[in-house]
There are 4 protein chains.
Amino acid sequence: RHLLGRKMVRGWLPGRAADSHKGNYGSVLVVAGSAGMTGAACLAAEAAARTGAGLVTLAVPEGLHQIVETKLTEVMTYPLPQEKSQSLSPEALPVIMSLLDKADVLALGPGLSTNPGTARLVRELLGKISAPCVLDADGLNALAGHTDIFKKAGAPLVLTPHPGEMARLTGLSTADIARDRLAGAEKYSSLWQSVLVLKGAPSLVAAPGGNVYVNSTGNPGMAAGGSGDVLTGIIAGLLAQGLSPERAAAAGVYLHGFAGDRAAARKGMMGLLAGDILLALPEVLREMEAEVFRA
Amino acid sequence: RHLLGRKMVRGWLPGRAADSHKGNYGSVLVVAGSAGMTGAACLAAEAAARTGAGLVTLAVPEGLHQIVETKLTEVMTYPLPQEKSQSLSPEALPVIMSLLDKADVLALGPGLSTNPGTARLVRELLGKISAPCVLDADGLNALAGHTDIFKKAGAPLVLTPHPGEMARLTGLSTADIARDRLAGAEKYSSLWQSVLVLKGAPSLVAAPGGNVYVNSTGNPGMAAGGSGDVLTGIIAGLLAQGLSPERAAAAGVYLHGFAGDRAAARKGMMGLLAGDILLALPEVLREMEAEVFRA
Amino acid sequence: RHLLGRKMVRGWLPGRAADSHKGNYGSVLVVAGSAGMTGAACLAAEAAARTGAGLVTLAVPEGLHQIVETKLTEVMTYPLPQEKSQSLSPEALPVIMSLLDKADVLALGPGLSTNPGTARLVRELLGKISAPCVLDADGLNALAGHTDIFKKAGAPLVLTPHPGEMARLTGLSTADIARDRLAGAEKYSSLWQSVLVLKGAPSLVAAPGGNVYVNSTGNPGMAAGGSGDVLTGIIAGLLAQGLSPERAAAAGVYLHGFAGDRAAARKGMMGLLAGDILLALPEVLREMEAEVFRA
Amino acid sequence: RHLLGRKMVRGWLPGRAADSHKGNYGSVLVVAGSAGMTGAACLAAEAAARTGAGLVTLAVPEGLHQIVETKLTEVMTYPLPQEKSQSLSPEALPVIMSLLDKADVLALGPGLSTNPGTARLVRELLGKISAPCVLDADGLNALAGHTDIFKKAGAPLVLTPHPGEMARLTGLSTADIARDRLAGAEKYSSLWQSVLVLKGAPSLVAAPGGNVYVNSTGNPGMAAGGSGDVLTGIIAGLLAQGLSPERAAAAGVYLHGFAGDRAAARKGMMGLLAGDILLALPEVLREMEAEVFRA
């Protein structure tokens with residue numbers, strides 16, 4: 001059991017060699033979004049880019065492609081086959097697999113909706129991928145009743161449930177989960193053989209090998225729509241730069257809270273939006289980079 | 001009769017418990033917008049999010065859905081059935097009712113247009129809802145000649161007319177209303193059994209129980225298109241966090257003026273846009289939060 | 001002949017009474033834009049709003065309506081009949097006339113294109129309107145060879161040609177115009193019975209009554225696409241607040257240059273974009289307002 | 001062989017005469033973009049404008065025209081014939097040639113995709129143009145196996161390959177290129193009779209006449225998607241203002257790195273996005289302008 005602190009996280013941050021190029025910092029594929037929920041997709045993709053990934057591609061249902069392409073600049077975008085309701089269709093599976101040929105990391109889930117076809121796509125995808133994958137939000141909901149897939153997956157997984165999503169995954173009540181969060185995180189991380197980020201106060205990160213990290217950053221102003229999508233992107237960005245799933249998840253949770261604390265210092269807690277966490281992210285990264293150079 | 005001051009409003013602001021999550025801060029549904037007037041809808045929705053609501057959904061005529069989804073990030077969006085002119089159709093009624101199953105507050109009116117079908121939708125909606133509702137702008141205009149609906153409504157209402165809208169609602173001239181604004185606010189709040197925000201210098205808030213609040217903030221730089229839409233969103237955001245309609249309206253008027261004063265200090269009065277009020281909002285909320293913690 | 005200075009312009013700025021509302025600050029209709037040139041339309045409309053107009057509506061070719069509605073928030077938008085090439089059609093005439101029923105000022109020209117049908121629309125419109133009108137850019141080009149329309153117009157006109165547009169209007173060469181700019185401005189202002197803003201270094205404003213103003217602000221960093229569109233909007237915004245065409249033009253030129261000087265102090269001259277002038281505008285207005293209150 | 005330093009670059013920057021107008025600062029045509037990669041196109045176009053070009057037009061596949069017109073304001077846009085996959089079609093050739101009648105510089109390549117039809121268009125275009133041209137990214141990839149076109153081109157060319165693109169152009173491995181970058185840059189610049197910017201640490205600029213410039217600015221935080229597109233725009237913007245291809249390339253590389261260093265000082269290296277380089281550009285230009293005036 002470790003308290004996640006600044007020094008520990010700083011030591012994990014990837015360096016940047018003078019003669020490196022964008023290929024050295026990895027490529028993230030974000031699969032996300034459905035009608036009315038493209039904001040979640042954009043927040044996750046931008047967070048991956050802001051955390052230092054060399055290239056980020058956001059793939060969304062094709063009817064929403066123009067929206068995300070209009071909103072994003074440094075992130076590339078890709079249209080995927082969709083259901084009639086503008087959420088992803090199982091037919092997107094081969095397209096996503098071919099996009100993964102050029103990506104190092106998959107971030108899957110933000111704003112996908114609970115469409116049954118989309119949920120099926122998520123389950124089938126987890127059975128096929130080999131790249132590290134951050135699974136969040138509706139991506140997690142798709143696995144309720146199918147958690148056997150986690151253990152069978154050929155790829156390292158980072159799961160990032162909030163208490164409601166954790167309840168759906170485990171079949172427990174949120175009260176049950178709240179009773180002993182640490183024990184629950186350890187148990188299910190081991191059972192599912194996945195890195196598990198259990199969001200809360202404090203957020204916990206449990207790894208299958210037995211390590212558990214207790215976060216020391218964050219504030220209740222971050223309790224707002226979109227905040228979790230930013231975390232998903234940060235973890236994916238760190239994975240792309242070569243951190244292990246365990247460290248990417250732990251450092252991601254720490255940095256997300258640190259940026260949220262900085263944002264709250266400026267915007268307060270009531271007025272805080274998820275985009276403010278994103279805006280504060282480069283600054284907290286820069287401060288930690290500076291310490292690395294000084295150290 | 002109360003002078004709305006900083007200390008009073010500060011005492012009403014919701015706290016944020018360390019272990020709270022976005023579900024604790026409520027969900028706002030904003031129903032707004034028509035062709036050429038999506039800006040009003042966006043301002044109201046963003047103001048609700050900026051005031052601390054946990055989740056905000058903006059529902060607009062379906063032909064305008066892509067526009068608002070492109071503009072907004074933390075706010076979710078939803079397309080509703082529309083008239084040929086791209087304003088809401090009466091057929092939107094059941095869809096809105098089902099969206100209200102997952103929302104705690106309704107904000108209704110900004111930029112709806114004066115289309116007769118849309119006006120009918122507004123009236124029918126008020127007869128069916130039970131969640132607290134802020135009614136503004138074209139939402140109010142739809143009730144001209146139908147103010148009996150206010151008293152019969154099953155939901156707590158906050159009405160936010162400017163003098164012109166108040167004239168249309170009451171059948172009086174704006175000069176009549178200007179003559180004794182305080183008495184008028186008290187009279188119609190009681191008659192309509194609604195919290196009534198009568199905009200002006202100063203803005204007044206009258207509650208059916210007899211309380212009247214006189215605002216102490218605001219400036220004539222706020223006399224610009226979109227300013228009122230921001231107020232609607234602020235009040236809805238406070239309602240979502242559990243303030244009573246009376247306090248949400250009074251605190252909303254105070255905070256709107258306070259943010260407007262801060263914005264004018266930076267942009268001046270001529271150059272002030274409604275979006276500047278929105279930008280200043282987190283900062284004034286943060287200052288008041290800080291005082292709460294100190295107190 | 002007057003040197004346009006800070007004190008003179010400050011004395012013309014409209015005050016803001018404590019109990020005023022947005023109706024007191026006038027309504028501007030901007031008719032502008034064509035395929036690929038909506039940016040000019042947006043800059044003009046935003047500048048009118050930033051200068052203090054109570055309401056601003058931007059009317060564009062209907063195929064471009066979604067673009068401007070996505071870009072603008074405080075400005076309302078309106079779709080007009082268009083030619084196949086997405087520039088305005090003569091069929092837009094009655095629609096514009098009916099929009100003018102609710103507007104106090106017309107700004108006409110930015111980004112209209114040189115489509116012959118659009119040029120015909122401009123000429124027909126000038127023959128019908130009675131509200132003060134700022135005519136710029138392709139709006140002016142439409143009048144080349146038809147300058148008799150200026151004198152016959154029933155509305156007060158402000159014309160804002162740069163030397164190339166002035167050459168097209170007068171049939172002179174730009175060298176001819178450069179030879180004695182002051183005499184040229186006086187002559188054509190009188191001949192056309194219009195307020196004439198002759199852009200250059202310095203910009204000149206000549207009024208039919210014989211007054212000529214020589215501007216004292218501005219810098220060559222403002223020589224960039226879109227700069228003139230911002231000026232058009234500023235003049236329209238001042239007209240909406242009740243300044244005479246002569247004073248609106250003169251104050252507009254001064255404020256445009258003042259904001260440009262402020263922008264250049266921050267961005268330099270090479271890096272200056274038209275949008276930077278817009279961003280600096282509220283600040284210079286605020287400083288002049290402050291002096292009014294002190295005076 | 002020259003070390004590219006501040007004083008040298010400063011001496012090349014164009015001045016701005018008091019009575020100059022936007023026509024004095026040239027017109028840039030950017031031909032770029034394909035489905036999912038409009039961000040690259042926008043970054044290049046905005047960089048050209050931010051570097052001081054008088055007018056900038058971005059021409060993209062017609063299906064993507066609305067996206068870039070929504071994103072850009074000071075940059076004009078133009079729709080071009082496209083392949084089914086929304087990349088440029090060879091049929092765009094005559095349209096681009098006619099747009100070049102009114103442009104002084106062509107920037108070609110960012111985000112064009114590797115579509116064979118688009119690659120053919122690039123090659124045909126290089127055979128016909130006479131205006132100086134910056135060729136980048138997929139524009140360069142189109143020339144792999146066709147480098148004879150460089151020498152035969154009637155227009156001065158600036159080529160800006162990163163090591164991977166250089167490998168594709170030369171048929172060498174990236175390791176071969178890395179072995180002696182200086183010699184490679186000199187050799188191919190001479191062989192292709194083009195100014196060659198070989199990106200790396202440090203970036204090198206070799207001109208056919210034999211001059212080689214070694215850059216002294218830049219940092220590995222700039223190793224992120226979109227960074228190169230900004231450089232393309234900067235060089236094009238300088239060409240438009242009359243710098244020779246050799247000086248435009250050298251000064252462009254210097255300014256790009258200088259802006260990137262400034263951006264990294266604020267955002268750190270991990271958190272740096274290409275757009276941050278763009279944002280820092282006016283400021284570094286302003287500082288160098290100030291030194292020119294002092295000198």
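A polar contact is a pair of N or O atoms within 3.5 Å; within protein, one atom must be able to donate a hydrogen and the other to accept it. The term returns below, in a model that is predicted.

## How the copies are arranged

Two copies of a chain are related by a rotation about an axis and a shift along it.

Chain A and chain C make no contact. Their closest C-alpha atoms lie 10 Å apart. Chain B and chain D do not touch either. For them, too, the nearest C-alpha atoms are 10 Å apart.

## Where chain A meets chain D

Chain A brings 32 residues into contact with 30 residues of chain D. About 2500 Å² is buried between the two chains. Carbon and sulfur atoms give 58% of that area.

Polar contacts join 17 residue pairs between chain A and chain D, counting pairs with both residues at pLDDT 80 or more. Which elements of chain A give two or more residues to this side? They are α2 (38–50), α3 (65–71), β4 (76–80) and α13 (274–294). The largest share comes from α13(A), with five residues. By class, the side of chain A that touches chain D has 13 nonpolar, eleven polar and eight charged residues.

There is one salt bridge between chain A and chain D. Its partners are Arg50(A) and Asp276(D), whose side chains meet at 2.8 Å, N to O.

## Where chain B meets chain C

This contact takes 30 residues from chain B and 32 residues from chain C. Chain B and chain C bury about 2500 Å² between them. Of this area, 58% lies on carbon and sulfur atoms.

One salt bridge is found across the interface of chain B and chain C. Arg50(C) forms it with Asp276(B). The closest N and O atoms are 2.8 Å apart. Between chain B and chain C, 17 residue pairs are in polar contact, with both residues at pLDDT 80 or more. On the side of chain B that touches chain C, α2 (38–50), α3 (65–71), α12 (245–267) and α13 (274–294) of chain B each supply at least two residues. The residues on that side divide into 15 nonpolar, eleven polar and four charged.

Why do the copies meet through different surfaces? Only 7% of the interface residues of chain B are also interface residues in chain C, so the surfaces differ.

Helix α5 of chain A covers residues 116–126. Which of its residues are buried? They are Gly117(A), Thr118(A), Ala119(A), Leu121(A), Val122(A), Leu125(A) and Leu126(A).

An α-helix has 3.6 residues a turn, so residues three or four places apart point the same way. At the start of α5(A) sits Asn115(A). A side-chain oxygen of Asn115(A) reaches to within 2.7 Å of the backbone nitrogen of Gly117(A).

Definitions and conventions
Residues numbered from 1 in each chain as written. Chains lettered and ligands numbered in written order. Predicted model: local features only at pLDDT ≥ 70, side-chain atom pairs only at ≥ 80, totals over all residues. Heavy atoms only, no water. Contact = heavy atoms within 4.5 Å. Buried area = accessible area lost by both parts, 1.4 Å probe. Salt bridge = Lys/Arg side-chain N within 4 Å of Asp/Glu carboxyl O. Helix = DSSP H or I, 4+ residues; strand = E, 2+ residues; numbered from the N terminus. Nonpolar A, V, L, I, M, F, W, Y, C, P; charged D, E, K, R; others polar. Buried < 20%, exposed > 50% of the residue type's maximum accessible area, 1.4 Å probe, protein only.
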